[in-house]
Amino acid sequence: MTDRPWLMRTYSGHTSARASNELYRTNLAKGQTGLSIAFDLPTQTGYDPDHPMARGEVGKVGVPVPHLGEMRTLFDGIPIEEMNTSMTINATAMWLLGLYVALAEERGVDPARLTGTTQNDIVKEYLSRGTHIFPPEPSKRLTVDLVTHTVRHVPRWNPINVCSYHLQEAGATPVQEIAYAMATACGVLDAVRESGQVRPEGLPAVVGRISFFVNAGIRFVEETCKLRAMSRLWDRLCRDRYGVADEKLRRFRYGVQVNSLGLTEQQPENNVPRIVLEALGVTLSRSARARAIQLPAWNEALGLPRPWDQQWSLRIQQILAYETDLLEYDDLLDGSRVVEAKTAELEEAADAELAWVLDGGGAFAMIDALKGRLVQSHAERVRRVESGEQEVVGLNCFTETEPSPLVEGLEGEASILVVDPAAEAEQLEHLEAWRARRDPDAVAAAIDLVRETALTSDNLMAATVTLAQAGGTVGEWAGALRDVFGEYRAPTGVGAVAAAPVASMASVREQVRAAASELGGPIRLLVGKPGLDGHSNGAEQVAVAARDAGMEVVYQGIRLTPAQIAAAARDEDVDVVGLSILSGSHLELVPETLRLLRESGVHVPVVVGGIVPEADQPKLLEAGVARVYTPKDFRLVDIMADLAELGIAARRGEAGGEKRLRRAPEPVDGTPMMDHRLVVSACAAVAALAAGVMAALTGAAGLGLVAGVAGLVAGIAAAAIGVKARTAEDQLARAAEDLQRLRREVDTLAAALAEEASLQSARSALGDERMDGSDGSSASDPAATGVVDRVSGLLEQRFLGVLVHQRVAAARRQLQPVSVVLFEVDGLGSADDEVKNQALGVLGEVIRSTLRECDAACRIGDLMAGAVLLDTTEAGAMWAAERVRGNLLASPVGSELTISAGIACYPTHALGAAELVEMAGRALERAREQGYDRVEIAPTD
């Protein structure tokens with residue numbers, strides 16, 4: 001008996017809801033059996049079309065759907081109760097499903113009848129796609145809320161489509177793609193189980209709704225075995241980890257889009273056989289066949305495909321399903337020794353990689369490490385292609401070709417879809433009209449409901465639907481949650497790459513080295529990604545290659561404004577600015593960046609890389625761009641040679657300006673710049689002294705102060721030992737300067753103690769209850785608050801304002817990972833939360849303001865932050881452990897932080913050393929639960 005064909009989709013959406021609706025109805029009429037909606041970047045990242053971050057991005061890579069009115073237009077004439085709709089949406093997945101449910105209820109359709117999928121996989125956004133908004137923990141909460149709501153109220157809906165597709169695009173090997181997808185699924189299911197929103201007996205039903213979205217590359221035998229291995233591993237995880245007995249609920253259900261990474265701009269007609277072979281990889285094996293398939297178009301490396309191009313991809317699926325006999329037989333690969341051996345090999349290796357992730361705390365806790373491995377794998381792939389070890393027909397072999405009639409005959413621009421520039425202005429008009437028609441009081445109340453619900457543990461889905469029905473927008477929904485959850489900058493992973501440069505890079509490196517001797521330092525390249533485009537794979541590899549070529553690299557990650565890029569170029573005194581844009585917004589964002597660079601006094605070459613149609617390249621060059629690189633420029637060695645020549649010429653003044661020598665680092669606060677990594681002990685020692693002040697308030701005056709001063713002296717010694725300077729004499733001189741300055745801090749802090757916190761008055765204010773370790777309140781204690789304020793002020797002035805910023809400024813110029821110690825002090829023991837919030841609030845703001853200063857300074861290499869948590873009660877230490885992580889992750893570079901927790905224990909009147917050590921051990925366990933990367937304990941006697 002012939003099997004039914006899989007769902008056939010094309011990934012589409014562009015310009016406006018009206019234009020996309022026409023495209024959907026046309027495709028359905030051509031035999032497409034499901035919808036796969038591409039949303040534009042503002043919709044994906046929680047911005048309304050009129051937000052400054054949305055400029056140039058509206059309708060470019062998908063359809064803008066900011067509110068219910070646009071959702072109505074998008075599905076006009078399409079019966080959603082009969083349609084299987086896949087939404088490629090992640091950070092704002094709850095909002096888009098809320099709009100879909102609101103539309104169904106408006107039409108009188110029971111949401112229980114809706115079928116389809118929300119991708120809702122935020123982990124892959126952190127790792128590869130870049131449309132995240134919130135930090136991992138709040139994002140996990142949104143994912144769990146959506147999953148549990150749909151299982152109860154929209155039971156035919158797939159609430160998550162664990163997406164390994166973009167992992168492969170970001171460089172994942174088959175083993176990594178399997179393991180990291182499984183780790184993400186486990187992370188979500190574990191969180192659902194822990195949330196308490198689903199009873200244990202209901203968990204199998206949740207497991208049965210988990211679906212996957214995978215990639216299929218050109219090595220279709222290996223890809224077939226990959227899918228068989230994924231099917232086996234998922235079945236085993238469902239059975240053993242989640243106790244699912246029903247075999248149907250353990251089925252590995254997946255959709256697929258075949259590989260876009262391997263599509264070439266050169267000889268684009270070769271992409272058609274590539275797409276066909278990749279489709280075979282997910283259809284040949286009946287036991288591991290895709291449930292839904294969407295194929296890219298032959299010209300996606302050139303720009304946005306037209307309806308005809310998508311029709312061609314749809315016809316490939318239809319020929320495979322309806323003309324061949326593929327669906328008439330059982331699994332063709334069962335019994336093959338080759339397939340079985342490869343499947344077993346992949347399963348075993350992926351199982352080991354999955355164990356590594358789970359042992360490390362799971363996918364949500366291991367984002368930094370996973371990102372580093374993906375960038376490493378991608379770098380290795382790029383170097384294999386560049387060296388010719390991995391052959392790509394038409395790209396690095398068999399490059400001789402006749403002109404392609406598919407491209408040449410259509411005169412360039414006509415071979416891709418070009419979005420009308422007037423569409424963005426029209427969308428802004430629609431948004432303004434929508435806001436004018438709605439009830440502002442109802443919208444305001446609904447926004448407050450979202451914000452208030454986010455502050456609780458209640459499920460957010462109902463409040464989201466209420467806001468959608470009231471006429472709210474995606475920007476208002478995301479804005480309310482930003483107020484509660486903050487935002488997140490994901491790790492770049494660039495600092496983790498350890499692959500050796502390709503041999504051909506040696507000549508470029510020597511050229512850069514020779515010029516550095518002449519011009520006062522190596523060429524400095526800024527790699528920037530303006531706008532909302534989160535495809536960072538190319539930018540990351542350019543940054544790695546530039547580092548290998550001996551250049552200094554400033555790479556700040558994704559989602560920057562032109563103003564931020566211009567400011568960074570000015571402050572970093574760069575020689576070349578490289579802009580990476582793949583969203584089609586280059587004609588808007590590049591000229592704006594050029595204008596702001598010139599206004600900032602930055603007159604250096606600017607190069608652009610990305611999906612830039614040939615017709616647009618002359619426009620960029622006329623605007624002042626020095627070079628335009630597209631996917632056909634795959635040899636990074638050639639690009640680096642180009643950038644080196646541009647940078648050297650700019651430094652020499654050969655472009656018409658004066659010769660520019662490298663500007664020396666400027667001193668901060670009158671103190672000399674230190675050319676070394678941050679000395680962590682100095683800041684930790686000051687925290688120890690502050691702990692002594694706080695310990696004095698709890699009854700161990702002399703011991704606490706002595707311990708604090710002793711800690712500071714130890715820190716001074718460690719600071720002297722840790723200084724790394726150009727010469728031994730310089731090292732000693734700078735260490736002596738540090739020593740004198742740190743000694744002055746001892747005097748200043750001691751004076752603060754004498755002035756504001758006499759032990760007797762503090763004890764009297766705190767009362768006898770504090771002395772026996774009970775929960776006495778000190779919320780109104782002026783002495784305690786005064787000490788906190790004074791200590792916080794001194795730390796802000798001297799250590800976080802000078803030492804941290806100074807050493808970051810020095811270390812960032814060395815292309816080294818920067819190690820920053822930040823800390824929060826909570827020595828108020830059992831004081832109530834008001835006083836604790838005062839203390840931590842001040843220091844938390846210092847952390848955030850300092851990291852804002854460091855944000856533009858981040859180079860290749862993850863910024864690390866250590867948190868020294870000081871307290872005299874178990875509850876207080878645990879509370880501080882939770883609070884400090886939240887403060888650090890809420891900082892502008894929170895995504896770059898490797899966070900460590902240390903507990904310094906000081907004996908007090910109520911607790912002995914042994915009890916404190918035990919308490920600190922429990923506090924460190926809490927720190928591990930909070931996701932700290934490294935935990936340490938440092939008891940004192």
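Guide: Helices (H or I, at least four residues) and strands (E, at least two) are DSSP runs that are numbered from the N terminus. In this predicted model, local features need pLDDT of at least 70 and side-chain atom pairs count only at pLDDT 80 or more, while totals for chains, interfaces and linings use all residues. Residues are numbered from 1 along each chain as its sequence is written, and side-chain values use heavy atoms, with hydrogens and water left out.

Visitor: Where does Gly 624 lie, and what makes this residue count as partly exposed?

Guide: Gly 624 belongs to the loop that runs between helix H24 (617-623) and strand S15 (627-629). Buried means under 20% relative accessible area, exposed means over 50%, and partly exposed is in between (1.4 Å probe, protein chains only); the relative accessibility of Gly 624 is 37%, so this residue counts as partly exposed.

Visitor: Which residues is Gly 624 in contact with, leaving aside its neighbours within four places in sequence?

Guide: With those neighbours left aside, Gly 624 is in contact (heavy atoms within 4.5 Å) with Leu 594 and Arg 598. The C-alpha atom of Gly 624 is also separated by 9.5 Å from that of Val 590, a residue 34 positions away along the chain.

Visitor: Why is Gln 44 called buried?

Guide: Gln 44, which is found in helix H2 (residues 41-45), has a relative accessible area of 5%, and therefore it is buried. Leaving aside neighbours within four places in sequence, Gln 44 is in contact with several residues, among them Phe 39, Ile 89 and Arg 129.

Visitor: What makes H25 largely enclosed by the rest of the structure?

Guide: Of the 17 residues of H25, 13 are buried, and that is why this helix is described as largely enclosed by the rest of the structure. From its first C-alpha to its last, helix H25 (residues 636-652) reaches 24 Å, which is close to the 24 Å expected at 1.5 Å a residue, where the expected span is 1.5 Å times one less than the number of residues. Just after H25 comes Gly 653, with a positive phi of about 80 degrees.

Visitor: How do you know that H4 is roughly parallel to H6?

Guide: Helix H4 (residues 93-106) packs against helix H6 (residues 136-153) at an angle of about 30 degrees, and their axes are 9 Å apart. Angles under 35 degrees count as roughly parallel, over 145 as roughly antiparallel, 65 to 115 as roughly perpendicular and the rest as oblique, so H4 is roughly parallel to H6.

Visitor: Why are H14 and H21 called roughly perpendicular?

Guide: Helices H14 (residues 367-387) and H21 (residues 537-548) pack at about 75 degrees, with axes 10 Å apart, and H14 and H21 are therefore roughly perpendicular to each other.

Visitor: Why are H11 and H12 called oblique?

Guide: The angle between helix H11 (residues 271-281) and helix H12 (residues 307-323) is about 45 degrees, with their axes 11 Å apart, and H11 and H12 are therefore oblique to each other. In this contact, Val 272, Ile 275, Val 276, Ala 279 and Leu 280 of H11 meet Trp 312, Ile 316 and Leu 320 of H12.

Visitor: How many residues does the chain have, and what share is buried?

Guide: The chain has 941 residues, and buried residues make up 61% of them; its secondary structure comes to 34 helices and 20 strands.

Terms used. Axes are lines fitted to C-alpha atoms, for helices over the stretch in contact, and angles run from 0 to 180 degrees between N-to-C directions.
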